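Hi,

Here is the structure I promised to pass on.

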Amino acid sequence: MRVRVLGIGMGPRHVTAEVAEALRGCDYAVAARKREGDELLALRRAVCDAYGLPLVAVPDPERDRNDPADYPAAVAAWHEARVAAYERVLGERGGTAAFLVWGDPALYDSTLRIVARVAERGVVPVEYDVLPGISAPQLLAARHRIVLHGVGRPVHVTPARRLNEAVAAGQDNIVVMLGSGPVFEGLEEWSVWWGANLGTDTEELVAGRVGDVLPAIGAARARARERAGWVMDAALLRRNT
Ligand SMILES: C[S@@+](CC[C@H](N)C(=O)[O-])C[C@H]1O[C@@H](n2cnc3c(N)ncnc32)[C@H](O)[C@@H]1O
């Protein structure tokens with residue numbers, strides 16, 4: 001059987017022609033349900049509806065978040081539980097399955113690791129391929145009409161929990177993802193280009209000197225959460241020279 005790992009950007013408006021064609025050739029789509037009323041699952045469902053594809057929602061196994069010291073082990077156990085859950089669905093249904101990935105599959109998403117593990121275990125024989133989607137940093141840059149880096153300069157991409165480490169290591173142009181609020185302490189003199197719920201009806205954008213715009217970011221974040229029922233944000237932080 002066949003698995004197609006498809007990046008769907010930030011919802012139906014971002015499905016590329018290539019991904020659309022792949023969706024038309026699939027028998028069903030598979031997506032994780034994080035919790036009851038998972039709003040991102042609803043957006044995936046909208047993509048499926050647009051292509052007449054049934055969506056199989058796989059309840060996401062619980063992840064142990066109590067011991068951050070053993071973060072890799074907790075994530076590994078969670079991945080194995082997800083592998084087993086997907087194997088069950090694929091084994092039961094067969095055919096060609098679309099795995100719908102928010103944004104792009106190459107950026108902070110475990111789907112590819114899970115599918116590779118399913119293929120490696122061989123309990124369910126699968127072949128798989130990957131089609132890219134529009135990622136949050138791409139959309140952030142487009143909305144702010146910026147290039148993510150200076151001419152010929154690097155850009156560092158990091159989860160928010162490793163931002164301090166990146167700054168300490170001398171990174172001065174940083175895309176921050178996976179945060180639970182703008183914690184940019186000590187970076188008041190830096191510039192920020194921030195966005196929440198990008199590509200959706202509840203999108204929010206703020207840019208400026210960190211020290212000046214932090215309250216505006218806090219308010220915009222709260223507004224996005226209130227309107228959508230969820231909030232995801234990303235930011236480019238750049239040290240001013
Ligand atoms: C699990 S990662 C998934 C990233 C995704 N694969 C991509 O290509 O953008 C989730 C993080 O991506 C960022 N993100 C995803 N969707 C976003 C959106 N619509 N607006 C702003 N940030 C978003 C946030 O930093 C969020 O914490």
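In helix α3, His 79, Arg 82, Val 83, Tyr 86, Glu 87 and Leu 90 meet Arg 113, Ile 114, Arg 117 and Val 118 of helix α4. Contact here goes by C-beta atoms, placed from the backbone, lying within 7 Å. That contact is made up of 5 nonpolar, 1 polar and 4 charged residues. (Nonpolar covers Ala, Val, Leu, Ile, Met, Phe, Trp, Tyr, Cys and Pro; charged covers Asp, Glu, Lys and Arg; the others, Gly among them, are polar.)

Before you go further: this is a predicted model, where local features need pLDDT of at least 70 and side-chain atom pairs count only at pLDDT 80 or more, while totals for chains, interfaces and linings use all residues. Numbering starts from 1 along each chain as its sequence is written.

Back to the helices. α3 spans residues 71-93 and α4 residues 111-121, and they pack at an angle of about 65° with their axes 9 Å apart. Axes are lines fitted to C-alpha atoms, for helices over the stretch in contact, and angles run from 0 to 180 degrees between N-to-C directions. Helices (H or I, at least four residues) and strands (E, at least two) are DSSP runs, numbered from the N terminus. The crossing of α3 past α4 is right-handed, meaning the near helix is turned clockwise from the far one by less than a right angle.

Next, Leu 100, which sits in strand β4 (residues 96-101). Leu 100 has 29 other C-beta atoms within 10 Å, so it is buried (20 or more counts as buried, 12 or fewer as exposed, in between as partly exposed, with C-beta atoms placed from the backbone). Neighbours within four places in sequence aside, Leu 100 touches Leu 6, Ile 8, Ala 29, Ala 31, Arg 44 and Val 47.

The protein splits into domain 1 (2-131) and domain 2 (136-238), with bounds from an automatic or database domain assignment. Their C-alpha centres are 26 Å apart, and the contact draws on 8 residues from domain 1 and 10 residues from domain 2.

Where does the ligand lie? Both domains give residues to the shell around it, so the ligand lies between them. Of the 20 residues around the ligand, Gly 103, Ser 135, Ala 136, Met 177 and Leu 198 come nearest; a residue is near if its C-beta atom, placed from the backbone, lies within 6 Å. Strands β8 (191-196) and β10 (233-238) are the elements that give two or more residues to that shell. By type, the shell has 11 nonpolar, 6 polar and 3 charged residues.

Cheers

Definitions and conventions. Two residues are in contact if their C-beta atoms, placed from the backbone, lie within 7 Å.
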